[in-house]
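Trainee: Could you show me how to read side-chain contacts in a protein model?

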Amino acid sequence: MTCPYHSDPDSRNYRAMEDGIHTDFNDDMSYGDYLCLDQLLNVQNPLSDQHDEMLFITIHQASELWLKLAGHELSAAIDNIHQGDFGHAFKVISRVKQIFNQLTQSWQILSTLTPVDYLKFRDALGHSSGFQSYGYRKLEFLLGNKNASLLEVHKANDRVYQELKAVLQAPSLYDEVIKLLAEKGMAIDDGVLNRDFALPYEKNDSVLAAWLKVYQAADEHFELYELAEKLIDIEDAFQQWRFKHMYTVQRIIGNKVGTGGSSGVNFLKKALDISFFPELFDLRTHL
């Protein structure tokens, strides 16, 4: 006797293949072809026989993809601001904030790696370290944390070295925003507008005064005001990512020296004191 329930396909926990779904990809591009999944999913190659090394590799490779996208978007934001295109700049900067939030969440997954399990394969890493990430380095240069000495780490790869050198020497996101302040009639010191962009940015009273004018008449300068708050969003999200990185490292290796030779957690803590947009935080004290 056939069970009435099983005789009715619509009543089962089952989804039938629809006739219109394409299944022949002998001469057509598939999802895997478009995303190059054969290559992408075959570069997770642990150097040890430890189970958790796959987690370590996957987290860092995925993070590098997000870093690449963030760099792509920030480059677009710089172009948008240079052209005075606030609408697209706001959209792109909001996207970058969400990318940083995604990167921060990834540390939650990595923190499931215990100190004991990490030490089982840590020696296999040699001197490789996240400090050598050129995606991260490009991102910091785009945001304005310029430091020419950091290029030394990338000299072994001339293509990467030359790309980073060009970003180092070009105006950062904040440099373009300050130039925009001047174009909107704010009095900005020439030394700020015509500085060597490869050098670290230093706080300037004229920039602080300009931002104070923007915030004290926010309705009159609404686009600049909104842009400033978008920048704060980026720094907020970026600092949370930095903090979670530092805390995860501390949780896993304590105060050990980093694989790349840095002091480890102490070195990461110093990054938390670096602000990309210092006047935007200082002005809050003066309002």
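Predicted model: local features only at pLDDT ≥ 70, side-chain atom pairs only at ≥ 80, totals over all residues.

Trainee: How many salt bridges does a search of the whole structure find?

Mentor: A salt bridge is a side-chain nitrogen of Lys or Arg within 4 Å of a carboxyl oxygen of Asp or Glu. The search finds ten of them. Take lysine 138 and glutamate 163, whose side chains meet at 3.1 Å, N to O. That pair links distant parts of the chain, 25 residues apart: lysine 138 sits in helix H6 (residues 134-143) and glutamate 163 in helix H7 (residues 158-169). Helices here are DSSP runs (H or I, at least four residues), numbered from the N terminus. Lys138 and Glu163 also join Arg159 in a network of salt bridges.

Trainee: Is lysine 203 buried or exposed?

Mentor: Buried means under 20% relative accessible area, exposed over 50%, and partly exposed in between (1.4 Å probe, protein chains only). Lysine 203 has 53% relative accessibility, so it counts as exposed. Its salt-bridge partner is aspartate 282, at 3.1 Å, N to O. The two are 79 residues apart, with lysine 203 in the loop between helix H9 (190-193) and helix H10 (205-216), and aspartate 282 in helix H13 (residues 278-286). Aspartate 282 is partly exposed, at 25%.

Trainee: And the rings: how many aromatic pairs does the structure hold?

Mentor: Rings of Phe, Tyr and Trp (its six-membered ring) pair if their centres lie within 6.5 Å; planes under 30 degrees apart count as stacked, over 60 as edge-to-face and the rest as tilted. The structure holds 17 such pairs. One of them is phenylalanine 86 with phenylalanine 90, tilted at 55 degrees, with 5.8 Å centre to centre. Both lie in helix H4 (residues 86-110), four residues apart, or about one turn of the helix, and both are buried.

Trainee: Which ring does arginine 137 lie over?

Mentor: A charge sits over a ring if NZ of Lys or CZ of Arg is within 6 Å of the ring centre and within 35 degrees of the ring normal. Arginine 137 lies over the face of phenylalanine 131, 4.7 Å from the ring centre.

Definitions and conventions:
Residues numbered from 1 in each chain as written. Heavy atoms only, no water.
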